[in-house]
Each structure stands twice: as C-alpha cells, then as structure tokens.
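The following exercises ask you to work through a structure one step at a time. Please look at the sequence and the model before reading each solution.

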Amino acid sequence: MKKIAYNWEVLALTRFLLAMIVLLQHIPAIFHNKYPIMPWFSRFGAFEAVLGFLLISGLSIGNSIQKNQSSFFNRRLQRIYPVYVVSVILHCVVTKNLLSGEFFLIILLNLLFLNQIFTSSSFIVVAWSLSLEVWLYALAPVFYKLSFKTLMILIYISFAAFLIHIAGRTTFHWPYYAGVSYGFNLLLLSFIWVAGFVYSKMPEKRKFLAINVAVFFVIYIALTTVIELLHDIKHGKTGDFYHNELVFYVLQFLTLVIVFIVVFFNHYVINLSIGVKKFFNLLGNISYPLYLTHRSVFIFLNNQKIENLPVAVVSAIIVAFLVYWIFDFYSKKKKIRDTSGVLQQSLHT
C-alpha cells in the first residue's frame, strides 16, 4: 500500500491560521466596549476552524499510531499535558477565581479531561474541543483495529447526530458544543476526526473520503444557512440576511474549503526550503498554546483597559510562543529534515 507523502509543514501553517480564526472571533466577546459586534475579519468561523482542527488531528493521530503503537499514549500525554496545565494555571491567575472546594473539583475534572462529561462547560472555554480530542485519542487503538466499513458506519451515524443537533439547537434550543455535557460531543463531532483518521490509515481511499468530507461540509453550511434564512424570514428580516449575513456564511465555507484542499491535496504542494519548513512548523507548534491561552491574555488586557486590537493579537502570539518555548518539550525535540514526506511533526490541538 503506497503511502502519501504529506507536507506536514503546510498542515502546521493551517493549524496556526485556524487558531487565529478562533482568536479573532473571541475579540468582541472580551473587548465588548470597543467591538460590540464582530467585525468581518472575525467571521471566518470559530466552529468551522474547530472542524478543521479535528480533521487534521485525526489525520495526524492516524499517522502517529501507525508509527509506534506501544508508546502512543505516552507521546500524546507529553504533547498536550504540560501546555494544558500551564494554560489552566494562567487562566486561574487572570480570572482570579475564589478558592473553594467546588473550584478545586472543577479544576480536577478539567485536568482529567472530564469536563463536558460531568460538567456542561470547561474552565478554559475553548478546551471543550481538547477534551473531545483526548477521548478520541483514547479510542484511536480501537478505531485502528476496525474495518473500513465499520468506521464509515460510525462516521455516518455521528454525522446524522450532528445534523439533528444543529436542527435541535434552533427548534429546541439545545446547547452549543461548549455547553454539551455527558460526553455527547463524542457522538456529535467524531465524524470529522474519524474521517481524517481513516484517510491516514487507508490513503488508497482518498477519493472516496474526500467526496464524503466535501458532502459533509456542503450539507452543514447549506443547513445552517437555510436555518438562518428561515429565521430571518419568520422575523421579517430577509433583507438583513442577503445584505449582512450571507457573506459570513460564505467566509465560513471558505474556511472549510481551505482545510479540505490542504488535507486532501496536500501532497501536490511543491517542496519548501528547510527555512520555510521551520517557520511553518514553529507557527504550527504555537497554535496549540495560542488556542488555549488567547482568551486569558485578552481578559488580562481588558482588565487593564488595554483595548488595542494589534496589541491584543501580538500579545496573544507572544504568550503562546513563550508557553511553547518553555513548556512544550515534546514539540521542541522534533527534527525537521529537508526531504519530501519525511517530516513527522505533531499536529494536534
């Protein structure tokens, strides 16, 4: 079976850009005095970025478990835990939570990745997706043993549940994924992660999986767009949809299109110089702490009455770099070789 020579550095760059999309969408929520509504550049879709993270993560984990199954869990622990613990501590300091038995219980549940299972929220808000990924990591050895047919059945069941949940959020006011408990996110969102995992395990199925993922993305965007249109029609705001809101669904779809191209047509990218590879992988490595710490940085700046957008973004990137440089021992050990398809860099959020 011929393996596809992935350009991992391109996936690393994509992860950084996805983290930036999440970062920019959170600016109005923190700096609400200066940005009461989301500007256009923050409308590429934080959730769509998470879908991209999950697809790339599944691809990366599939590659990782094939390389060495015996140390798989140890490698995942080294990769995610030091940065995560530091991010939790940073958020504790910034938010100045009162110490109590309940607070320590919440922190313990989050450190054990039991948030979104025994609680309906995460201490670090964006860590709801990290909790989901960790449980997918735990299931990876099981997925690795399953047949292609079985894995596709699981993907279709998850995607059907995903669509039902989207409809239920409108009809029955079901919570957003960051507010889902009892581990239901595993059912709702595993379809895209498993698709990436299967692609890594069975690259000969690339065309079939690419068609499926493309259909998933199109159905998702079409459904959410139609729901918004019907909502605006019901409330007599059809003009607002066409003049203001439609463009944002186009931007969100663009995010998914870029991720799709990078994942399934990655091997067509020309070879890059070793310097460019190093830079792209540095961006990819800081994307994980950037994803986890940017809200803490924004909260700190807002508390200090600093509401300058460039300062906020640069500060978040600097903090993410420092967290990576000081605490991400696993990623810093990775070597980059100037040979096409040889780069094996950890790519999970």
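**Exercise 1.** Determine over which ring the charged end of R43 sits, and do likewise for R206.

*Solution.* In this predicted model, begin with R43, whose charged end sits over the ring of F248 at 3.9 Å from the ring centre. Then turn to R206, whose charged end sits over the ring of F265, 5.4 Å from the centre of that ring.

**Exercise 2.** Classify the aromatic pair of F47 and F162, and state which parts of the chain the pair ties together.

*Solution.* A search of the whole structure gives 38 aromatic pairs. In the pair formed by F47 and F162, the ring centres are 6.1 Å apart and the planes stand at 20°; since planes under 30 degrees apart count as stacked, this pair is stacked. F47 belongs to helix α3 (residues 46-67) and F162 to helix α7 (residues 148-171), so the pair joins parts separated by 115 residues in sequence. As for burial, F47 has 8% relative accessibility and counts as buried, and F162, with a relative accessible area of 0%, is buried too.

**Exercise 3.** Classify the pair of F53 and Y291 from its ring geometry, and decide whether F53 is buried or exposed.

*Solution.* The ring centres of F53 and Y291 lie 5.4 Å apart with the planes at 70°, so the pair is edge-to-face. It links distant parts of the chain, because F53 is in helix α3 and Y291 in helix α11, 238 residues apart. F53 is buried, with a relative accessible area of 3%, and Y291 is buried as well, at 2%.

**Exercise 4.** Describe how helix α4 and helix α11 are arranged, and which kinds of residue make up their contact.

*Solution.* Two packed helices are described by the distance and the angle between their axes. The axes of helix α4 (residues 72-95) and helix α11 (residues 274-303) come within 10 Å and cross at roughly 5°, and α4 and α11 are therefore roughly parallel to each other. Among the residues that make the contact are R79, I80 and V83 of α4, together with N285, Y288 and P289 of α11. Sorted by kind, the residues of this contact comprise 10 nonpolar, seven polar and one charged.

**Exercise 5.** Find which residues form one aromatic cluster with F47.

*Solution.* The cluster that contains F47 also includes W128, Y156, F159, F162, Y176, Y177, F191, F216 and Y220.

Conventions:
Residues are numbered from 1 along each chain as its sequence is written. This is a predicted model: local features need pLDDT of at least 70, side-chain atom pairs count only at pLDDT 80 or more; totals for chains, interfaces and linings use all residues. Side-chain values use heavy atoms; hydrogens and water are left out. Axes are lines fitted to C-alpha atoms, for helices over the stretch in contact, and angles run from 0 to 180 degrees between N-to-C directions. Helices (H or I, at least four residues) and strands (E, at least two) are DSSP runs, numbered from the N terminus. Angles under 35 degrees count as roughly parallel, over 145 as roughly antiparallel, 65 to 115 as roughly perpendicular and the rest as oblique. Contact means heavy atoms within 4.5 Å. Ala, Val, Leu, Ile, Met, Phe, Trp, Tyr, Cys and Pro count as nonpolar, Asp, Glu, Lys and Arg as charged, and the others, Gly among them, as polar. Rings of Phe, Tyr and Trp (its six-membered ring) pair if their centres lie within 6.5 Å; planes under 30 degrees apart count as stacked, over 60 as edge-to-face and the rest as tilted. Buried means under 20% relative accessible area, exposed over 50%, partly exposed in between (1.4 Å probe, protein chains only). A charge sits over a ring if NZ of Lys or CZ of Arg is within 6 Å of the ring centre and within 35 degrees of the ring normal.
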